[in-house]
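Me: I would like to go through this protein by asking what lies behind each label. Please set every value against its definition.

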Amino acid sequence: MTTQLITALSLTEDKGLQKDRQYLFSLQVSNEGVIRVVTTDDIEVYYGSVHDFLISWSKISSLGWANDKETFQKMLNELKGGEQ
């Protein structure tokens, strides 16, 4: 499964998210079309459709993608200023 690294501004206070806060998170879409978001501070949110996801976030920007966990972790560490 491809994982997208996203930064976006939350428009809701869903499952621990803070409204108007910028988040860095991974975004995955299952074969059934369910969108899974996991923030870098371990908040996990699911959306049943792209519409539900889009009305919950603004200023959505993709920072890259990875096809495996190792590549994704390396990309995340680089963004956080860690070792490459």
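Reply: Leaving aside neighbours within four places in sequence, L17 is in contact (heavy atoms within 4.5 Å) with S10, T12, Y23, T39, I43, V45, Y47 and W57. The model is predicted, so local features need pLDDT of at least 70 and side-chain atom pairs count only at pLDDT 80 or more, whereas totals for chains, interfaces and linings use all residues. Residues are numbered from 1 along each chain as its sequence is written, and side-chain values use heavy atoms, with hydrogens and water left out.

Me: Why is W57 called buried?

Reply: Buried means under 20% relative accessible area, with exposed over 50% and partly exposed in between (1.4 Å probe, protein chains only). W57 has a relative accessible area of 2%, so the residue is buried. Y23 is likewise buried, at 2%, and F25 counts as buried at 1%.

Me: What makes the pair of Y23 and W57 edge-to-face?

Reply: Rings of Phe, Tyr and Trp (its six-membered ring) pair if their centres lie within 6.5 Å, and planes under 30 degrees apart count as stacked, over 60 as edge-to-face and the rest as tilted. The centres of Y23 and W57 are 5.8 Å apart and the planes stand at 90 degrees, so this pair is edge-to-face. Y23 lies in strand β2 and W57 in strand β5 (residues 57-66), so the pair ties together parts 34 residues apart in sequence; strands here are DSSP runs (E, at least two residues), numbered from the N terminus.

Me: Why is the pair of F25 and W57 called tilted?

Reply: Their ring centres are 4.8 Å apart and their planes at 45 degrees, so the pair is tilted. F25 lies in strand β2 and W57 in strand β5, so this pair ties together parts that are 32 residues apart in sequence. Ring pairs link Y23, F25, Y47, F53 and W57 into a cluster.

Me: What makes a set of residues a nonpolar core, and which members of the largest one touch the most others?

Reply: A nonpolar core is a set of buried Ala, Val, Leu, Ile, Met, Phe, Trp, Tyr and Cys residues joined through side-chain atoms within 4.5 Å. The largest has 13 residues, of which L17, F25, L27, V37, Y47, F53 and W57 touch the most other members. At least two residues each come from β1 (3-10), β2, β3 and β4 (44-47), and β2 gives the largest share, three residues. Apart from this core lies another, of six residues, among them L5, L24, A66 and L76.

Methods
Helices (H or I, at least four residues) and strands (E, at least two) are DSSP runs, numbered from the N terminus.
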